[in-house]
Amino acid sequence: MIPPKGKSLLAAGVAMATALAGAAQPMPKVAPVAPVLSREIDKLPPELPRGFELPADHDPLAAGILMDHQKEWLEDQSDLKLGEKGRRTGITYAEALDDTIIASSSRAAGGDNVFYIGDTKDKGREFIGYVAHFAKIVAKELVEVEEFLFEDQLDDGTSKFISAYRVKFASGFRVEALSSRPENIRGLQGIVVIDEAAFHKDVRQVLDAVNALLIWGGKIRIISTHNGVLNPFNELIREAKAGKVPYSLHFIPFSKAVENGLYKRVCLTRGKEWTQEAQDKWEALIRGAYGVRTAQMQQELDAIPSDAVGSALTRVMIENASDRSIPVLRWALPDAFKNAPAAERKRIVEEWLRDKLRPHLDKLDPDRRHDFGQDFARSGDGSVIMINELGQDMVRRGKLVIELRNVPFETQRDVVFYIGDALPRFGHAAFDATGNGAYLAEVACQKWGARVSEVKLNAGWYGANSLPYVEAFADGSIVVAGDDDIIRDHQALQYVDGIIRVPENFRYKGGDGFDRHGDAGIAGILAWYASRQGAIEYGYQPVPVVRSALDGGEDAHGIFGQADEAARGWWRPPLGTRYRGFP
């Protein structure tokens, strides 16, 4: 008989460290060094729970086994459940217990299939081991763990096979632990558990795909430690906290697990006597292993996402060099715009330029030089134009950021031409001439000549220009817009093979729900580069006035006299004349 869910299910027992076990996790790809606490169970320090080592008589429902945060996780029956956790806090264990109870129940009692998707094969093996043990102890079923090949049917009609483990129950339902993410997640029906979501390849695709399961009454559990502030898992956490997505959120840092009795269970498994002094010493030992790497400790233990390892700029540095008053103008066009009649397109563009853009350009200081840079995109990512003012103090101050999304080539050309023609003391512009951006860079160069740089964004160019831009944040010679997406775009600048740039295929959701690729960070480097180029200016330079005898001066030698010659230089003709060969 399966015990009913609720608090009665979660009463009491003997503590086991393995009840608290997390699991092996792969290294984040952006990290150049291994985490302080190994992601492989066998290599963890002996002070921590080490994984699936349950003795034959271990009962997860016995008094004292489950900690309060594990009970809260089990009691939460929400369709969408999200676990933001520190290392070794026991949520995977609790989820395995919940899944065992569900799969062993009849459909009338809420039974269903469960699909567990870990980030490694070892993680799946550990999880299915928990399930097999709980099936015997809790569900009173003797089950066998089967290793099989899961057929993943792709969109093109072909199939690939994924190594997997399976436990079948008398109810007719099953728990399957897959070693990697299937392409066809939408084809699964039941409860899907994504463990260590932040470390999966194509995290955003995983999170987007599982939402389709809700159509058929499925449930979703997403569990993970953090892997950087820009990781899509952290974006999902932010959205849940803001109420934008209806996930039930659980925050489980290492300190909460310690408070709920983690060390007491370690003591029971080790045969040690618990004391508060010993617990404090134990926690200090775990935290002390991080040394000065406090950001990494906070991410691994305290569930506080860090700036990506290898980031060129921290958020604090960027915010300190930001100004919230700098406007960010965003314009996204529907797909139908490009097929609209030419007259209609012209009307829409002229209206936007006049009503939205022109008021910002009119506010620019007519006495200061202005430069801009553009990171080009036609679809998918945004096309970002960053306009800077060069101050008397040599500080480059952002004055306007323009983001264009799904805007056709010719319309982007019209916007750029309008900006350049309206800029006071237009100094220089740098365009991303990589790929499709080459067209816009070329027509701008044809219009403004030497005022334009057509930039091929490659390792050589980044190597020469990214570091000076980053250093500008440290020495206070740059001011950027205090907009969250602009700041996060700059956080995306990372050291890739020793060069500061945005990593390939590195994307995240912006505040408007669109994908971003560090676009404003790249535009910022281009605008910085433009401001360091010589400006071509056309203006009037007055001729110095030299008083002579003709206008009442003391010089008695006349207009061609010695005093006049000394003042203007012997090589220049007198005023009012011009000799061939003289400038």
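**Aromatic contacts, cores and helix packing**

Tutor: In this predicted model, the charged end of arginine 396 sits over the ring of tryptophan 528, 4.7 Å from the ring centre.

Student: And which ring does the charged end of lysine 81 sit over?

Tutor: That of tryptophan 73; the charged end of lysine 81 is 4.4 Å from the centre of this ring.

Student: Back to tryptophan 528: which residues of α14 and α16 make the contact between these helices?

Tutor: Tryptophan 528 is one of the α16 residues involved, together with Gly521, Ile522, Gly524, Ile525, Leu526 and Tyr529. From α14 come Trp461, Tyr462, Asn465, Ser466, Pro468, Tyr469 and Ala472.

Student: At what angle do the axes cross?

Tutor: The axes of α14 (residues 459–475) and α16 (residues 519–531) cross at roughly 95° and come within 9 Å. The two helices are therefore roughly perpendicular to each other.

Student: Now ring against ring. How many aromatic pairs does the structure hold?

Tutor: There are 18 aromatic pairs. One of them joins tyrosine 263 and tryptophan 282, with 4.9 Å centre to centre and 35° between the planes, and is tilted.

Student: Why does that pair tie together separate parts of the sequence?

Tutor: Tyrosine 263 belongs to helix α7 (residues 262–270) and tryptophan 282 to helix α8 (residues 276–288), so the pair connects parts that are 19 residues apart in sequence.

Student: Are tyrosine 263 and tryptophan 282 buried or exposed?

Tutor: Both are buried.

Student: What about tryptophan 331 and tryptophan 352: why is that pair stacked?

Tutor: Their planes are at 5°, and planes under 30 degrees apart count as stacked, so the pair falls in that class; the ring centres are 4.2 Å apart. This pair links distant parts of the chain, since tryptophan 331 is in strand β10 (residues 328–332) and tryptophan 352 in helix α11 (residues 342–361), 21 residues apart. Both tryptophans are buried.

Student: Which residues do ring pairs link into a cluster?

Tutor: The cluster consists of Phe372, Phe417, Phe426, Phe431 and Trp448.

Student: Changing topic: how many residues has the largest nonpolar core?

Tutor: It has 36 residues, and Leu97 and Val175 have the most contacts inside it. Elements giving two or more residues to this core include α2 (91–103), α3 (121–137), β4 (159–168) and β5 (174–178).

Student: What does valine 175 touch?

Tutor: Leaving aside residues up to four places away in sequence, valine 175 touches Asp99, Ala103, Val114, Phe127, Ile128, Val131, Tyr165, Arg166, Val167 and Phe169.

Student: How many residues are in the other core?

Tutor: That core, which lies apart from the largest one, has 34 residues, among them Phe337, Val349, Ala422 and Trp448.

Notes
Residues are numbered from 1 along each chain as its sequence is written. This is a predicted model: local features need pLDDT of at least 70, side-chain atom pairs count only at pLDDT 80 or more; totals for chains, interfaces and linings use all residues. Side-chain values use heavy atoms; hydrogens and water are left out. A nonpolar core is a set of buried Ala, Val, Leu, Ile, Met, Phe, Trp, Tyr and Cys residues joined through side-chain atoms within 4.5 Å. Buried means under 20% relative accessible area, exposed over 50%, partly exposed in between (1.4 Å probe, protein chains only). Helices (H or I, at least four residues) and strands (E, at least two) are DSSP runs, numbered from the N terminus. Contact means heavy atoms within 4.5 Å. Rings of Phe, Tyr and Trp (its six-membered ring) pair if their centres lie within 6.5 Å; planes under 30 degrees apart count as stacked, over 60 as edge-to-face and the rest as tilted. A charge sits over a ring if NZ of Lys or CZ of Arg is within 6 Å of the ring centre and within 35 degrees of the ring normal. Axes are lines fitted to C-alpha atoms, for helices over the stretch in contact, and angles run from 0 to 180 degrees between N-to-C directions. Angles under 35 degrees count as roughly parallel, over 145 as roughly antiparallel, 65 to 115 as roughly perpendicular and the rest as oblique.
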